[in-house]
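Dear colleague,

Please read the notes with the structure open beside them.

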Amino acid sequence: MKDDMILLHEIERYLTGEMSQAESIAFDELRRTNPLIDQQVAEHRLLLDQLESYGQRKSLQLKMNRIHEKLNIPVLTEQAEAENQKAKRLKIRRRTITNLAAAACIALVTSLSTIAVMQHDAKRKSTAQYEDVRRVLNNIQRSQNALINDINNKKRAPLNPGTYGGTGFAVSGNGYIVTNYHVVAGADSVYVQNNKGEAYKAVNIFEDISSDLAVLKIADSTFKSQPLPYSLKSQGLKLGEEVFTMGYPRDEIVYGKGYISAKTGFNGDTTAYQVSIPVNPGNSGAPLLDSRGDIVGIVTGKQTTSDGIAFAVKSAHLKRLLEEMPKDKQIKKDQLHKNHLDGLNRVDQIKKLEDFVYMIKVYN
Amino acid sequence: MKQHQDITKDRELLLGLAEGDDKSLEIIYSENFPVVLRMILNHNGSEDDAKDIFQEAIIILYEKVQKDDFSLSSRLKTFLYSVCRHLWLKKVQRTYNMYSLSNELEEIIPVADELETHQAKDQEFQIMESALQNMGQPCQTILEDYYLHKRSMQEIAEKFGYTNAENAKNQKYKCLMRLKKLFFDRYKTL
């Protein structure tokens, strides 16, 4: 035991560097030769190190506690809490503002896109609902007819059947014809053909895009003028009044009967009627007549979403248009005032009328 | 410029801490404690929690500066704040299981490595502490006086009423052997 104590003392001296150089060298030698002692040295060094760091930490904690006591904790706590409150309020406010901004952005985008979609829809609807009733001519049908015409009459249209077809009617005895603008729009040349198959070359002399009307003049020396059997009615028709039309949805003239179903046209257009009458492509520009045989309108188009609804420009508008025409192109005034159809039955009316209703053939 | 000044100041303070300069410790303590206090209070802790957490962070810092290869890659304030945050997160997670601290404006650096090193050291400290406490008086005081407070054998003999330094030395030897046993019994199971 005594020896052990001396050994430990020696180890401590060795570790703390209190030994002289000679002693130290001797001790090193001892460690090398005696592993037991070497192990004891290592253990003791570890113990002392641990003890040392324990002591350091203890004293550090002591010092810190002393410093901590010097601090004014209640005041610091109060400050910290006040700052936390402020930060929290700021956070809430910031969150509120962010949320509001996000909501506003969403609302704006939603309403803008709704408007855009609705406008787009509305535009598409109106183009979809309204349809011009000019006809894209059928090749075979036309060529058959051309053969028949060839047999019947020498006067015939060029063999080419044309690109589009519509209907027109005479507004003067000397070859002025009214039709729709959309029938003759973009035309290179226009031919008119009556029910007997006689075709004449015509020129477009006046057009009014807004009401979709065009005035043609037959420019053919073989055309013979004849007095008109009907007049142009300038008063408006009453709702429900019976009307009829004659047009060329096929290569044959076709009769259709109906009534005025509204005093305004498509989308509330006051220059037109809504007419409940069967119309088909090719009827564009056909005359609309009342039971007395007066011209009351010009068929221009129909509603695609429902059957039997057609639109016709009012005759009063046509009359105004004719009066507005340039002086050098004016037609003779008195020609549209005499009615020879009144009192006749419908079959006779039609018989007299069909010579003045033309098929319009457009080449482009 | 300000950043540069801060770093220079931080370096001086850390040097002071490593050398055991009380003034440096006091400056570090009083300058950084309020921020940590605020953070702990904000996350349902008390002032005492703040004190414990902050002091542990200082100990970690102290252990770090004791090493020769020590260099601080961030500002002192950021380091202490991050360590405290990490420690507090660990503590509340232990108590309430699922819990996460909301993000804050203060800058945070990863400190997991430091905490791991600290944990090993902390265990050693616990062993030494319990070993010393289990020895009982007067052994604990004799050893502490001799090894920690660097008192001479003569002083200790007078303090404890031993007739001479030799007797005190005998006593110290016995105590040391007991400490050795107590310490290594647990240290070796580590």
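In chain A, 68% of the contacts with a separation of 6 or more are between residues 24 or more positions apart. Please keep in mind that this is a predicted model, and that what follows was computed from it. Chain A holds eight helices and 14 strands, and of its 364 residues, 30% are buried.

The largest nonpolar core has 59 residues, and the members that touch the most others in it are A:Ile177, A:Val184, A:Val192, A:Val275 and A:Ala312. If residues up to four places away in sequence are left out, A:Val275 touches A:Val243, A:Gly258, A:Ile260, A:Ser261, A:Leu288, A:Ala310, A:Phe311 and A:Ala312. Another core, of 30 residues, lies apart from the largest one, and B:Leu37, B:Ala50, B:Val83 and B:Trp88 are among its members. As general background, nonpolar side chains tend to be buried together in soluble globular proteins.

Helix α7 of chain A, residues 315–324, has A:Ser315, A:Leu318 and A:Leu322 buried. Because these residues cover an arc of only 55 degrees around the axis, they lie on the same side of α7(A), while A:Glu323 and A:Glu324 are exposed on the other side. The buried residues of α7(A) are covered by elements including β4 (176–180), β7 (213–218), β12 (295–303) and β13 (309–314) of chain A.

In chain B, helix α6 (residues 139–148) and helix α8 (residues 165–187) have axes that come within 9 Å and cross at roughly 100 degrees. Since angles of 65 to 115 degrees count as roughly perpendicular, α6(B) is therefore roughly perpendicular to α8(B). From α6(B), the contact involves B:Cys139, B:Ile142, B:Leu143 and B:Tyr146, and from α8(B) it involves B:Gln171, B:Lys172, B:Cys175, B:Leu176, B:Arg178 and B:Leu179. Seven of the residues in this contact of α6(B) with α8(B) are nonpolar, one is polar and two are charged.

With kind regards

Technical notes. Residues numbered from 1 in each chain as written. Chains lettered and ligands numbered in written order. Predicted model: local features only at pLDDT ≥ 70, side-chain atom pairs only at ≥ 80, totals over all residues. Axes fitted to C-alpha atoms, helices over the stretch in contact; angles between N-to-C directions. Helix = DSSP H or I, 4+ residues; strand = E, 2+ residues; numbered from the N terminus. Parallel < 35°, antiparallel > 145°, perpendicular 65-115°, else oblique. Contact = placed C-beta atoms within 7 Å. Nonpolar A, V, L, I, M, F, W, Y, C, P; charged D, E, K, R; others polar. Core = buried A, V, L, I, M, F, W, Y, C linked by C-beta atoms within 7 Å. Buried ≥ 20, exposed ≤ 12 C-beta atoms within 10 Å, placed from the backbone. Arc of directions from axis to C-beta.
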